[in-house]
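Look at the sequence and the structure first, then read on.

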Amino acid sequence: MSFIENIFAVLNPFAPFMQLLRHRVLWKNLLKRRLSQAYHGSLLGGLWSVIQPLFMLLVYSYVFREVFKVRWNAAAEASDSMFAIIMFCGLAFFNIFSEAVNASAGIMRANVNFIKKTVFPLELLPLTQSCGSAILGGLWFLLIFLANLWVKGQAALSWSLLLFPVIFLLYVQFVSGICFIAASAGVYFRDTQFICSMILQVLFFTTPIFYPVSAVPERFRWVLTINPFSWFVDIGRNVLLYGEWPEFSALFNLFILAFICWQAGWLWFHVTEKGFADVI
């Protein structure tokens with residue numbers, strides 16, 4: 001394959017999906033291993049995927065609700081139960097992103113044999129991290145839906161719920177693109193994991209997870225505007241909890257953001273992976 005053909009193959013917007021389809025059996029096995037190892041050897045096993053978020057929810061709910069006296073707007077309902085559900089939803093989005101990016105930053109150095117000794121589609125490694133985190137995180141959203149149904153009854157059911165899987169898939173695509181970049185950077189810069197941890201802490205507090213956008217002073221709201229992560233949290237929460245249909249422009253922005261991140265991450269990974277073996 002010539003240089004120009006190689007570049008075209010990488011820039012092809014369908015290239016990532018074609019590669020995934022080509023190695024679907026291998027990727028399926030990697031994903032199964034990723035899920036089986038998540039709580040391997042623990043006494044409670046998969047129950048931790050429910051216990052851990054519920055415990056975090058109780059702690060954060062107490063701190064922000066009782067200590068800092070944070071209140072949501074009246075339209076979102078101010079009851080203790082609803083406040084916890086709103087927080088849980090934002091926390092679910094953040095946990096998927098945080099877990100996948102942190103794991104991807106060190107995934108290449110943790111699988112040196114795949115890089116040096118075998119011909120292996122390396123892009124499957126960060127992709128497995130993002131999709132594995134999404135599957136485990138999907139349990140959180142199921143709990144959120146059931147809790148919202150218990151609190152609101154039939155009022156929690158809306159046709160807009162059919163749109164949430166689309167938003168979730170766009171979110172997974174967005175996270176996967178970031179994971180490609182983090183995985184590649186982790187090879188060349190050993191400090192990548194520490195940098196990712198710092199950035200994630202900043203994102204955690206600059207995203208409306210525990211507070212509504214209205215609680216942010218006007219002069220600081222531009223921070224939320226330039227934070228693409230907050231777009232998914234805000235729109236996803238409105239669809240899942242309030243039954244609101246997002247504006248077409250907002251949904252289109254999510255699609256463009258997810259596509260650009262996915263394509264840019266894929267391109268960056270393939271341009272830089274040729275030097276992985278030499279660096280590691």
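Leaving aside residues up to four places away in sequence, Ser160 touches Val239, Gly243, Glu244 and Trp245. The model is predicted.

- Ser160 sits in the loop between α7 and α8 (164-188).
- Is Ser160 buried or exposed? Its relative accessible area is 0%, and buried means under 20%, so Ser160 counts as buried.
- The side chain of Ser160 is in polar contact with the side chain of Ser158, at 3.1 Å.
- The Ser160 side chain also reaches the backbone oxygen of Gly243, at 3.3 Å. Gly243 is one of the residues that Ser160 touches.

**The cavity**

- Rolling a probe the size of a water molecule over the atoms shows where empty space is left.
- How many cavities of 30 Å³ or more are there? The count is 1.

**The cavity lining**

- The residues lining the largest cavity are Pro16, Gln19, Leu20, Glu123, Leu124, Leu127, Phe180, Trp262 and Trp266.
- Two or more of the lining residues come from each of α2 (15-22), α7 (124-152) and α12 (248-272).
- Which element gives the most to this lining? It is α2, with 3 residues.
- Sorted by class, the lining of the largest cavity holds 7 nonpolar residues, 1 polar residue and 1 charged residue.

Notes. Residues are numbered from 1 along each chain as its sequence is written. This is a predicted model: local features need pLDDT of at least 70, side-chain atom pairs count only at pLDDT 80 or more; totals for chains, interfaces and linings use all residues. Side-chain values use heavy atoms; hydrogens and water are left out. On a 1 Å grid over the protein atoms alone, a cavity is a set of points where a 1.4 Å probe fits but cannot get out, and a pocket is an open set with protein on both sides within 12 Å along at least five of seven lines; lining residues have an atom within 4 Å of a point. Grid points are joined across faces, edges and corners, and a volume is the space filled by probe spheres set on the points. Helices (H or I, at least four residues) and strands (E, at least two) are DSSP runs, numbered from the N terminus. Ala, Val, Leu, Ile, Met, Phe, Trp, Tyr, Cys and Pro count as nonpolar, Asp, Glu, Lys and Arg as charged, and the others, Gly among them, as polar. Buried means under 20% relative accessible area, exposed over 50%, partly exposed in between (1.4 Å probe, protein chains only). A polar contact is a pair of N or O atoms within 3.5 Å; within protein, one must be able to donate a hydrogen and the other to accept it, and residues adjacent in sequence count only if both atoms are side-chain atoms. Contact means heavy atoms within 4.5 Å.
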